Structures are given as structure tokens and as C-alpha cells.
Amino acid sequence: MDLRKLGVWYFTEGFSAQEAAAFATRVEDLGYSAIWIPETVGRHPFALASWLLANTSKLVVATGIANIYHREPGVTHSAQQTLAEQSDGRFLLGLGVSHKPLVEGLRGLRYGKPVATMSAYLDKMVSSPYSGPAPTVKTKTVIAALGPKMLELAAQRCDGAHPYFTSPDHTLMAREILGPDPLLCVEQKVVLETDPSKARSAARRSAAMYMGLPNYRKSWLRMGLLEEDIEGQGSDRFIDATFAWGDLDAIKKRVQQHYDAGASHVCVQPIASSSEDGPFPWKTLELLAPNSEEQMFEMEE
């Protein structure tokens with residue numbers, strides 16, 4: 001499973017099945033090594049992953065993340081084994097505990113202590129029987145990890161971590177906790193816009209749905225941001241810490257900062273800066289495409 005190159009993280013919920021397949025194919029053709037898909041209230045992530053894997057030949061398809069409250073651990077285990085076997089090891093399972101307002105408020109389920117709940121879920125996955133054909137390559141699992149205890153769990157029980165909506169400072173902290181070997185797959189939102197007002201406005205539109213979620217707020221405070229930075233729409237300091245915006249060089253510099261801090265893989269989430277970008281900001285992905293600038297990031301072999 002090659003995750004050295006950049007990946008792409010994106011909500012594909014607005015795409016039809018054919019549009020999602022075309023999107024994944026184009027991402028693959030641009031040289032990105034992986035596409036990360038979330039789970040909220042839209043498509044089933046494993047069904048979508050199967051479709052995207054069937055329509056690509058090299059691309060890793062990763063869940064970023066599959067919500068552990070949405071299915072029994074044995075079902076997740078069988079889905080992971082099935083998708084890995086079907087795709088010759090191109091499926092990467094990313095799991096997460098989601099957020100209390102979504103689990104309890106939206107789904108009507110009981111939200112447990114995050115680390116303990118994830119640990120118990122992993123235990124049950126390991127002990128679940130699976131009698132289908134085994135994948136030819138060992139499956140990999142990463143977990144959404146923001147705080148030190150969840151990062152420790154990622155190091156001890158998984159193949160790595162998938163931090164979301166963080167910063168290079170968080171990446172440095174995460175690598176120190178994980179140690180040198182586990183995967184550290186970092187999501188980074190990017191806005192290809194040099195006008196500060198337009199760039200930050202686009203960033204704030206993207207950030208709005210996350211601002212009230214407690215797990216992210218705790219993470220931002222651990223990163224050194226202040227309460228006033230994460231109130232309302234977020235301060236400029238908050239936006240500049242968590243979004244990469246500006247010209248291509250500025251965005252590449254932020255991605256490189258993650259690699260320098262210890263990331264093994266960065267998945268960029270392109271954010272449209274205006275309606276002029278069209279339905280999807282392809283220009284961002286085209287300019288960052290590994291096929292055109294593969295040697296420009298000092299990624300470790």
C-alpha cells in the first residue's frame with residue numbers, strides 16, 4: 001500500500017455514482033495515491049469504497065472515517081477483509097468515534113468514553129470470525145486520533161492515525177506519541193486563493209459545521225489556540241493555523257511542514273474560494289498533482 005504521495009480527502013455525497021467513479025479515476029490519473037471518503041448521513045462508506053475500487057486500478061481507497069457507532073465490529077471486520085481481498089490490498093480502513101452531538105442527537109445512540117469505546121471495538125474486531133477468502137496483503141487500520149490517549153491507542157493497537165482538521169504543530173505532537181513506525185495520515189484543507197479576505201471567507205464557510213463539535217474544540221485548544229480563537233466563525237489565527245491558503249507555493253509549504261513534522265501521508269481537501277471555481281476546484285488538485293511535482297516534497301522513502 002503506497003501512501004508516500006499525496007492523497008485527496010473529499011465529500012463525494014453530492015456526486016452521482018458515475019460522477020464519483022469519474023472523480024476517483026481523475027484523482028488516480030493525476031498521480032494521487034489515495035482518496036479518503038467520510039461517513040456522515042449519506043452513502044454507506046464500504047459500498048462506496050467497493051464502487052470506487054472497482055473503477056480504479058492503483059488508487060488506495062480509505063475511509064476517513066467509518067463511524068464505529070454505525071455497525072457491529074464483526075461487520076466492519078468482514079467488510080475490511082472483503083474489500084482488501086477484492087482490491088488486492090488497496091483498501092485502508094479508517095475508524096473513528098465521531099462526535100457526541102451526532103451520535104446521540106442525530107442517531108439516538110449512547111456515546112461512550114472515546115478511548116475506551118474504541119479500544120473495546122478493536123478487541124471485538126480482532127476476535128470476530130471471518131471465513132471468506134483472505135486478502136493477499138495484510139489489512140491496515142488507522143483511527144481518527146486527536147488527543148494523546150487516542151494517539152497512544154493508535155500506536156499500540158493499529159497501523160497508525162488519521163488526524164483531521166489540525167496543524168503541523170499537531171502533526172509534530174502526534175509523531176512524538178506514535179513513534180517512528182506507525183502511519184500518520186494527516187488531512188489538510190487547502191484554499192487556492194491569494195486574497196486574504198476571500199480565502200478566509202471560504203475557509204470559514206468550510207469550518208462552520210465543525211465549530212461546535214467538542215472533540216475538535218479540545219484539539220484546537222491543545223494546539224495552542226485560545227477560546228476566543230474558536231468562538232463564532234473563528235479568528236484569523238484559527239483559520240491560518242488550520243487551513244493552507246494562498247498561492248501554490250504557500251500551499252506546498254504547508255504540506256511540506258506536515259512532512260517535516262513527521263507525517264507519512266497528507267490528504268488534501270480542496271476548498272472552493274468562490275462560485276467561479278465551478279462545481280469542484282480541480283485547478284487546486286491539478287497544480288498539486290504528484291504527477292507534475294513528485295520531487296517537490298521531501299517525503300521519506
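Contact here means heavy atoms within 4.5 Å of each other. By that rule, Pro-73, Thr-76, His-77 and Gln-80 of helix α3 meet Tyr-121, Lys-124 and Met-125 of helix α5. The model is a predicted one.

**Helices α3 and α5**

- Two packed helices are described by the angle between their axes and the distance between the axes.
- For α3 (73–86) and α5 (residues 114–127), the angle is about 60° and the axes lie 8 Å apart.
- Angles under 35 degrees count as roughly parallel and those of 65 to 115 as roughly perpendicular, and α3 and α5 are therefore oblique to each other.
- The crossing of α3 past α5 is right-handed.
- Sorted by class, the residues in the contact of α3 with α5 are 3 nonpolar, 3 polar and 1 charged.

**Helices α1 and α2**

- The axes of α1 and α2 are 9 Å apart and form an angle of about 55°.
- With that angle, α1 is oblique to α2.
- α1 and α2 cross in a right-handed manner.
- On the α1 side, the residues that meet α2 are Ala-17, Gln-18, Ala-20, Ala-21 and Ala-24.
- On the α2 side, the partners are Leu-48, Trp-51 and Leu-52.
- This contact of α1 with α2 has 7 nonpolar residues, 1 polar residue and no charged ones.

**The buried side of α2**

- Helix α2 spans residues 45–54, and its buried residues are Pro-45, Phe-46, Leu-48, Ala-49, Leu-52 and Leu-53.
- These buried residues line one face of the helix, because they fall within an arc of 155° when seen down the axis of α2.
- Among the helices, the buried residues of α2 pack against α1 (17–29) and α3 (73–86).
- They also pack against the strands β2 (34–37), β3 (60–63), β4 (66–67) and β5 (91–96).
- Leu-48 and Leu-52 are among the buried residues of α2, and both take part in the contact with α1.

**Pro-114**

- Pro-114 is located in helix α5.
- Its relative accessibility is 31%, so Pro-114 counts as partly exposed.
- Leaving aside residues up to four places away in sequence, Pro-114 touches Val-97 and Met-150.
- Lys-149 is 35 residues from Pro-114 along the chain, and the C-alpha atoms of Pro-114 and Lys-149 are separated by 9.5 Å.

**Backbone features**

- Most residues other than glycine have a negative phi, and most peptide bonds are trans.
- The peptide bond that joins Gly-64 and Ile-65 is cis, with omega at about 5°.
- Ile-65 is in the loop between β3 and β4.
- Asp-88 is not a glycine, yet its phi is positive, at about 60°.
- The loop between α3 and β5 holds Asp-88.
- Asp-88 has a relative accessibility of 56% and therefore counts as exposed.
- Phe-165 is another residue other than glycine with a positive phi, here near 60°.
- Phe-165 sits in the loop between β7 (160–161) and α7 (168–178).
- With a relative accessible area of 1%, Phe-165 is buried.

Conventions. Residues are numbered from 1 along each chain as its sequence is written. This is a predicted model: local features need pLDDT of at least 70, side-chain atom pairs count only at pLDDT 80 or more; totals for chains, interfaces and linings use all residues. Side-chain values use heavy atoms; hydrogens and water are left out. Buried means under 20% relative accessible area, exposed over 50%, partly exposed in between (1.4 Å probe, protein chains only). Helices (H or I, at least four residues) and strands (E, at least two) are DSSP runs, numbered from the N terminus. The arc is that of the directions from the helix axis to the C-beta atoms. Axes are lines fitted to C-alpha atoms, for helices over the stretch in contact, and angles run from 0 to 180 degrees between N-to-C directions. Angles under 35 degrees count as roughly parallel, over 145 as roughly antiparallel, 65 to 115 as roughly perpendicular and the rest as oblique. A crossing is left-handed if the near helix is turned anticlockwise from the far one by less than a right angle, and right-handed if clockwise. Ala, Val, Leu, Ile, Met, Phe, Trp, Tyr, Cys and Pro count as nonpolar, Asp, Glu, Lys and Arg as charged, and the others, Gly among them, as polar.
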